[in-house]
Amino acid sequence: METIPATGLLGASWLLIALPLAGAAVLLLGGRRTDRWGHLLATGTVTAAFVIGLLCTFQLGGLDEPSASVDLFTFIQTGNLDVEAGLLFDPLSAVFVLLITGVGALIHVYSIGYMAHDPGRRRFFAYLNLFVAAMLLLVLGNSYVALYVGWEGVGLASYLLIAFWYTRPAAATAAKKAFIMNRVGDVGLALAIFIMFAQLGTTSYAGVFGEVGLLAGGTVTALGLLLLLGACGKSGQFPLQAWLPDAMEGPTPVSALIHAATMVTAGVYLIARSAPVFDETPTARTVVLVVGAVTLMIGAIVGCAYDDIKKVLAYSTVSQIGYMFLAVGLGPVGYAAGIAHLLAHGFFKAGLFLGAGSVMHAMHDQVDMRRYGGLAKKLPVTFATFGLGYLALIGFPFLSGYWTKDAIIEAAFDRGGTSGWLLGGVAVLGAGLTAFYMTRLVLMTFFGRARWEDGVHPHESPPVMTAPMVVLAIGSVAAGFLIVEAFPLTEWLEPVFGEPEEAAHVVAPLTVSIGLTVVMLLGVAAAWLFVGRREVPTTAPARVSPVVVAARRALYADTVNESLFMRPGMWLTRALVWLDNRGVDGVVNGTAAALGGSSSRLGRAQTGFVRSYALGMLGGAVLIAGALLAVTTA
């Protein structure tokens, strides 16, 4: 695909980043003077960015070569390294721009109501704007270095947002955990960029993709695995998934932004954008497949055991991103399917998180589903919109998740052989578990006997919060059909991923659809049997099976991380401190003490009495004489 210089509105696509970045700067530097209107400014900048992104996409669609570049300035020029700061607006970046700014704008509107009484509202909106600007730089940069700048900007903004209520120890700890675990992945991405520069002399997409085929197979595989490590960190994939559920300590709109439209999608974007690299290395693609399959099962299993509504949704995100990794790991047949599920997921997951925020708003920030029950009548709009998002997520026929998840599972089976059946079977099993834990969530929250505490009077959220939920619910219903059937995303992304090969179906698509629907209904029925027809206790049962215990402890992910990485580091630090205190400092301090003690003792010989000095001289003479006699007689 040829890239042409951007003209018209595409030439001003840098405004997409500049507008929310300027909004963040005004709110952070303007101080309290912006308290009264800062939230409106922040919402306006992101909304304006969405309008510009939409117009740019229309212009891009009319070009013969749908890929336009914008050269900005020389970013790094030293030695042989020459990095030009520029933007790339092509079909893939356009999809992400519309998702980030569109869903991001709705979350900003919702936040006006959700954070209305928070004294730090201005700071919150500043961080939201910073987050959106960094994410837009990440998807619009024309090189891996530009992507990396946005990558780190997203990491910083997520740290600030997760720790927004920093006086709460849990929030501060969660932010540190997210920051540190993301740095592990970032090291992989940084090393990949170093390899690109060392081996190819460039970090631009055009340069890397044009010459990656000239590299040795081992180098390309190393490159792919390092990129995958970066993607795992940012998208909360195995083995770096433990930070994502803890990130729920931030305000709920933050969860919606991170989980639906921005941060966790960055890893999928990185692998999809690096498709020419992964096309050259089947080994790295296989690892991507394994990571996706393992992660989707981890998310689905753990999601069954939690009672915290936000953490259930968080593990649902982990699982759904696993589907996306599975899709892009399949290579050319799965890239577009992964992006389609990412887009549909952006609608229903944002709607679900905003719905959870509406429930919490009504329940005085209570997150334990065992303290809910019977909210369907109290919160009719929240129930309706949340219900549509739930149906879309579990793959109910003809809603968004049905179209996009089916395509991924079909592609997994089409891989053929044992691996195809294994991957397809895991994906089907994950769909059944998703239906189970999401139905459990809906039953415990909206149905059954009211279990809330005295003094709680649930009420529907104000229109400024429910209106974005309605829009997202409409997207949950229609987005999948629109991007799979009406306006196929596969065709839109052809200039980036190439024309998809005609699939030789191992399992007929109709059979997959029917089978998935049956599995989904079994999951729903199981949830009804275990939860819906029984009284939900307000306290989680203590005597449970080892499987449930393991799921409640997130399959011991934190224990493994502590055992393998944290505790050895602590032990090594303590050993080095002991060696420093007792070894290095001990030798130095001991020598000084010995010299000081000796000097003190010798000083005592200076008594000022002549008889003492004469006795010393006599003793010395006797010793010398004795020594001479010993030597001469030997």
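**A tour through loops, helices and rings**

Begin by selecting L555, which is found in the loop between α23 (546-552) and α24 (557-603), where helices and strands are DSSP runs numbered from the N terminus (helices H or I of at least four residues, strands E of at least two). The model is a predicted one, in which local features need pLDDT of at least 70 and side-chain atom pairs count only at pLDDT 80 or more, while totals for chains, interfaces and linings use all residues. Residues are numbered from 1 along each chain as its sequence is written, and side-chain values use heavy atoms, with hydrogens and water left out.

Although L555 is not a glycine, its phi is positive, at about 55 degrees. With a relative accessible area of 32%, L555 is partly exposed; buried means under 20%, exposed over 50%, and partly exposed in between, using a 1.4 Å probe and protein chains only.

Select F398 next, in the loop between α16 (380-394) and α17. F398 is another residue other than glycine with a positive phi, here near 75 degrees, and its relative accessible area of 55% makes F398 exposed.

From there move to S400, which belongs to helix α17 (residues 400-414). S400 counts as buried because its relative accessibility is 0%. Leaving aside residues up to four places away in sequence, S400 touches A344, F348, A392, G475, S476, V477, A478, A479 and G480, a contact being heavy atoms within 4.5 Å. A polar atom of the S400 side chain lies 3.1 Å from the backbone oxygen of G475.

Now display helix α15 (residues 335-362), whose 28 residues should span 40 Å at 1.5 Å a residue, in agreement with the 40 Å between its end C-alpha atoms; the expected span is 1.5 Å times one less than the number of residues. At H345, α15 bends by about 30 degrees, the bend being the angle between axes fitted to the seven residues ending there and the seven starting there. Because 26 of its 28 residues are buried, α15 is largely enclosed by the rest of the structure. Just after α15, select H364, which takes a positive phi of about 60 degrees.

In one of them, Y144 and Y205, the ring centres are 5.0 Å apart and the planes lie at 85 degrees, so the pair is edge-to-face. This pair links distant parts of the chain, with Y144 in helix α5 (residues 144-162) and Y205 in helix α7 (residues 205-211), 61 residues apart. The rings considered are those of Phe, Tyr and Trp (its six-membered ring), which pair if their centres lie within 6.5 Å and count as stacked with planes under 30 degrees apart, edge-to-face over 60 and tilted for the rest. Y144 is buried at a relative accessible area of 0%, and Y205 also counts as buried, at 3%. Elsewhere, select F124, F125, F164 and W165 together, which form one aromatic cluster.

For a backbone feature, go to F238 and P239, which are joined by a cis peptide bond with omega of about 10 degrees. P239 sits in the loop between α8 (217-235) and α9 (243-246).

End at H457, in the loop between α18 (417-446) and α19 (463-486). H457 is exposed, with a relative accessible area of 61%, and its C-alpha atom is separated by 51 Å from that of L88, 369 residues apart along the chain.

Definitions and conventions
A polar contact is a pair of N or O atoms within 3.5 Å; within protein, one must be able to donate a hydrogen and the other to accept it, and residues adjacent in sequence count only if both atoms are side-chain atoms.
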